[in-house]
Amino acid sequence: MSKMFKNVLLSLVVGAAVLTLAGCGSSETPAATAVSGEINGGGSTSVQKVIDAAGSEFTALNPDVKFTYSGTGSSDGIKGATAGTYSFGCASRDLKAEEKASLTELIFAYDGIAFIVNPANKVTDLTKEQLAKIYMGEITNWSEVGGADAPIVVVSREDGSGTRSATEELVGFAEKLKPDATIKEGNGNVQTTVAGNANSIGYVSLTFVDKTVTPISVGGVKASVENVLNKTYTLSRPFIAMYDATKVDDATMAFLDFIMTPDGQKIVTEEGGITIL
C-alpha cells in the first residue's frame, strides 16, 4: 500500500469519526422544556390590566399553562400569597414590615394615582391640602374651590385597597375619611361612578383614566406618566408582585421572569403603567 494511499485512507477515517461524534453530540442536546401548570394570582385591581395582558401573552407562548388573576385588593393579595392560596399576590402599595416576613417582593412597574372628576366639572386643578379637606369633609361644595354651586360627592375605595392606603398617606387624610363618602370596590367601579355623576370626585390608577372621566392636576402638575417619571407629580406608588420563595412553582416564576423582560415591560407601557427598565 502506497504512502499516499495510506494518508488518504487515514483522512477519510478521521473525517468519518468527526462526523459521527458531531452527530452524536447533536442528538444528545436536550430539547427546551415547555412551561406547563396552573398559575393562580390575585390582589390589587390597579395592576389587573397589566397582569391580565401579560398573562395572555405568556399563555400564548406557553399553551400548557392555565393563568388566572383575581382583582380582590392589595391586602387580599398579600394574605393569599402568604397563605399559599395564590401562586403570587399583587399589591399597589408598599408592604408593611409584618407583611414582608415570609414573602419575596418583586417591583415590576410604577404607577401614578389620578384624582378624577366628571367631564362636566369645570374644576381642573386642586392642591393636596384642598383634596385632603374634601376627603375629610371640611370642603363640601364645589364653589369653595372655584367650581359650580353644588355639593361634592366624595368617592373612595374600600378597606384593604392598596390605592386607598397609598392615596390617604400621600395626600394626608389617613383614617380621617368623611363618614358619608361613597365607597366603591375596584378602580373600575370608582371610574364608572365618577363618569355617571357630575358632582363626584374619585381617585384611580392612571391605567384606568379614559375619556369618560377627567384627571385633574394637583398643585398645578398634570397627572401623567411623564410627570411621574420626572418626579414632578408626587402621587405615585410601586406595583409589587410577591410570593413565598419556599413554595413557588416553576410556572409562576417563569411568568414573573417574563414580566421583567423587555417584552413584558412593553406590555406594562401598553397598559398605562410605568416600566422599571
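Residues are classed by relative accessible area as buried (under 20%), exposed (over 50%) or partly exposed (in between), with a 1.4 Å probe and protein chains only. The model is predicted, so that local features need pLDDT of at least 70 and side-chain atom pairs count only at pLDDT 80 or more, whereas totals for chains, interfaces and linings use all residues. Residues are numbered from 1 along each chain as its sequence is written, and side-chain values use heavy atoms, without hydrogens and water.

Leu277, found in the segment after helix H9 (262-270), counts as exposed because its relative accessibility is 62%. Helices (H or I, at least four residues) and strands (E, at least two) are DSSP runs, numbered from the N terminus.

In helix H4 (residues 128-136), the buried residues are Leu131, Ala132, Ile134 and Tyr135. These residues lie on the same side of H4, because they cover an arc of only 160° around the axis, the arc being that of the directions from the helix axis to the C-beta atoms. Just after H4, Gly137 takes a positive phi of about 90°.

A nonpolar core is a set of buried Ala, Val, Leu, Ile, Met, Phe, Trp, Tyr and Cys residues joined through side-chain atoms within 4.5 Å. In the largest such core, of 39 residues, those that touch the most other members are Phe115, Leu126, Leu131, Ile134, Tyr135, Trp142 and Ile201. Two or more residues each come from S4, H4, S6, H5, helix H6 (187-195) and S8, with S4 giving the most, five residues. A second, separate core of 24 residues includes Ile39, Val65, Cys90 and Phe258.
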